[in-house]
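Biologist: Could you please take me through this entry? I would like to begin with the open spaces.

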Amino acid sequence: MENLTGFWAQWLRPSAGLVTLQWSLLLALATIGGSLCQRYVGLPKVVGYSMVGALVGFAGFSGAPWPLQGISLFLLELGVSLVLFECGGRIPLRWFRHNPMVLVQSIAEAALTYFSVLWVLRWLNTPADVANPIAMIAMAASPLVLSRVITDLRAAGAVTDRAMVLATLSTLYALTLGSAQSEVFLRPAQTLLDSTSAVAVVLGVSILVAAVLSLLMRLALQFMSPNSENTSILVLALIAASTAVTAHLGGSAPLAALLGGMLLKHLHPRPWAWPRQLGTASTLLNMMMFVLVSTVAAQADWNLPLAGVVFAVIVVRLLAKAVGVGLGNVGSGASWRQALWVSCAMAPMSSVALLIASQFVTAAPDGGQMISRIALPMILMMEVFGAVLASLAFHRARESAKTLRLLERNPVPGDRNGP
Amino acid sequence: MGLEAFHNSEPLTLGVELELQLLNTHDYDLAPYAEDMLRLMAKTPLPGSVVPEMTSSMIEISTGVCHSASEVLGQLTPIRDALVRSADKLNIAIAGGGTHPFQKWHRQRIYDKPRFRELSDLYGYLSKQFTIFGQHVHIGCPDADAALLMLHRMSRYIPHFIALSASSPYVQGQDTAFDSARLNSVFAFPLSGRAPCVLTWGEFENYFDKMTGTGVVKSMKDFYWDIRPKPEFGTIEIRVFDTPLTIERAAALSGFVQSLAAWFLDTQPFTPQEDDYLVYTYNRFQACRFGLDAVYVDPGTGRHQPLAEHILHTFDQIAGHAARQGAAPALHLLRSDVEAGQNDARWLRERQREEQLLAETSRQAALRFRGQTV
């Protein structure tokens, strides 16, 4: 045996390490989980990815440190930035001129979510420096989960589009306020001026990078076709560079990408074709995000008293979003039924919420543990069940081209809408 | 159900229907917003009507009864403006054009209405491939026999209508080399093409009774003919036009139809006969394929000549009637385009050559429908 080991040792070479092997196998498992979930239950693949990540996380696999840092933080920020850049491009600013009620609707649901969650947490005797961050995290619906659900269900229509826009706007508010607030936590200020300058730095850097990103893309599109693979690679490369630069300069990379997408759409109203070209690379990055989020979130300290608090926050958040969307629905061009399904589709939480939570935990080590104990279970629950609820909403709104087999009496594979 | 009696209508009155594309403003693919548009449009009092079409990314608008092309334009303008306002509110765009250049037929959804579901059950994938967009022009006829006579006289001018309105060069992301590829989709339906050459309403009733007796058709709606009588309106309905990119062109085309009809009624220029149809399919193909560059075979003389030349000759023949109907500006608009060799299909190809992106071509078509200069 010793001879065999000795013989084999001479063939061994330095490798990428055990973590790479673990993550590769985990992604393979997640792929299988996602496919099975879609094939046999009819739910979007993201549910399968998240469940596999959660199971592995519960089993004790700690593939990424908490709060996020290093390569896992960069990968998550890159994935989120890529999707948010594309989501930002779905928000033409001129729409708000024609339909300001959509903006009212988004502000109403985000504000109501923030204050309701803050109120319920304070009512449950949660300290203010914990309640405030959790309320900000709760504001953000997940355009990332929605975009995967929409792709898997081939959903299209007014509810789908409105949900994506409202989720993106809520993410914009949460990222802006969350980044500013965590910066204030990170640099306890003596004066109002100190606080203001800390907020100005994080927002200023994000806006500056967004402007540079959109201008570079605008310049490139003068002579590059949006259909070309090279343009897709350019998008990917520029977003990766902006993610690295923004984080380094003290800004928020996802916020910069989101604002960059919105600015580019404003400067360049021509159709966007490159997201389709991003193809498998983007899908892989997305999948890694969902697995990472659920793996990390599953490491939370789960216990019964906290479960009650988490449950209360989830219920209040869902109600607040429904009431907010409903309040702003008058004159917004959508029916009440559509408003109901839009608010259900706003349920998911995922990587953006995890990033904001990570920022707060890093910035406020005193309250950090408590923030994690509430935020992580909430994010995990809403990543899985939020995706299911969003699928149900698109299905009930008759905007999904695929059947949800759980809901069909005589399930028929494929297109639900006739031959 | 028997054939409805031919109702009275005022001769030479016009009614125009336009099937329109609903597009998202992200990648300018078709967007299933018909129900939302109908809900918003119902709040605005308008002269005509707005109704759903076969798939949920289409909508059909129509005028009321009009007496001239300018009245058609006068009714289409507020409907178009209301459509644009509703579309802006929903963050979608509206466009003309006979086909959407790159939509995928299998992604379309049948609008939830019993008749459309029935058709979907009967025709299978053809019903989704029917996501094509046409303009229909109704012209009032003095009586039922006059309607059939007018129908068959109009048949000689089907190539003219096709070439002037052609706006569907792209299908499923490809240049088809046709100016009007839309009509190829219509041809797949078993009851499409030309109407039988009967010139009296009595004979037509016999034909209809025999067809209903076979169980193949139940009503006039089951015929997808290029021109069909519409007894409940007292009109004939011309259905070969692609939806133009602008309402101005749609109104001008209706003015051309009205002028031709006035010429037929006033001068009875020729008597239609079955032999007219010997060249019908060839002429129709030529117009679809080559647009204004097509060859036209005169059914009466068998003479071959450029279609554009025959169109200009026809304009000259009917100029006096057009002036009396107030359609002279309409004919002038069409004439200048024919002289320049221009139609909407050529405009779309020019845009695509410039932009190299069909989605951008669709966006510019949507801007053109709004009345913006592109």
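Modeller: One definition is needed at the outset: helices (H or I, at least four residues) and strands (E, at least two) are DSSP runs, numbered from the N terminus. The model is predicted, so local features need pLDDT of at least 70 and side-chain atom pairs pLDDT 80 or more, while totals for chains, interfaces and linings use all residues, and side-chain values use heavy atoms, without hydrogens and water. Residues are numbered from 1 along each chain as its sequence is written, and chains are lettered from A and ligands numbered from 1 in the order in which they are written.

Biologist: Which element gives the largest share of the lining of the second largest pocket?

Modeller: That share comes from β1(B), which supplies five residues. A pocket is an open set of points on a 1 Å grid over the protein atoms alone, with protein on both sides within 12 Å along at least five of seven lines; a cavity is a set where a 1.4 Å probe fits but cannot get out, and lining residues have an atom within 4 Å of a point.

Biologist: What volume does this pocket have?

Modeller: The second largest pocket has a volume of about 960 Å³, a volume being the space filled by probe spheres set on the points, which are joined across faces, edges and corners. The pocket is lined by 41 residues, and B:Glu17, B:Glu60, B:Arg228, B:Lys230 and B:Glu237 are the closest to its centre.

Biologist: How does that lining divide by class?

Modeller: There are 17 nonpolar, ten polar and 14 charged residues in the lining of the second largest pocket. Here Ala, Val, Leu, Ile, Met, Phe, Trp, Tyr, Cys and Pro count as nonpolar, Asp, Glu, Lys and Arg as charged, and the others, Gly among them, as polar.

Biologist: What lines the largest cavity?

Modeller: Its lining has 15 residues, and those nearest the centre are B:Gln21, B:Gly96, B:Thr99, B:Pro101 and B:Leu348. In chain B, β1 (14-24) and α14 (358-370) each contribute at least two residues to this lining. By class, the lining of the largest cavity has eight nonpolar, seven polar and no charged residues.

Biologist: And which residues line the second largest cavity?

Modeller: The second largest cavity is lined by B:His152, B:Ser155, B:Arg156, B:Pro159, B:Asp276, B:Tyr277, B:Val279, B:Tyr280, B:Asn283 and B:Pro299. Two or more of the lining residues come from each of α5 (144-155) and α10 (280-290) of chain B. This lining divides into five nonpolar, three polar and two charged residues.

Biologist: A change of topic: how many salt bridges are found over all chains?

Modeller: The search finds 26 salt bridges over all chains, a salt bridge being a side-chain nitrogen of Lys or Arg within 4 Å of a carboxyl oxygen of Asp or Glu. In one of them, A:Arg270 pairs with B:Glu355, and the closest N and O atoms are 2.5 Å apart.

Biologist: Where do the two partners, A:Arg270 and B:Glu355, lie?

Modeller: The pair crosses between chains. A:Arg270 is in the loop between α12 (253-267) and α13 (274-297) of chain A, and B:Glu355 is in helix α13 (residues 344-355) of chain B.
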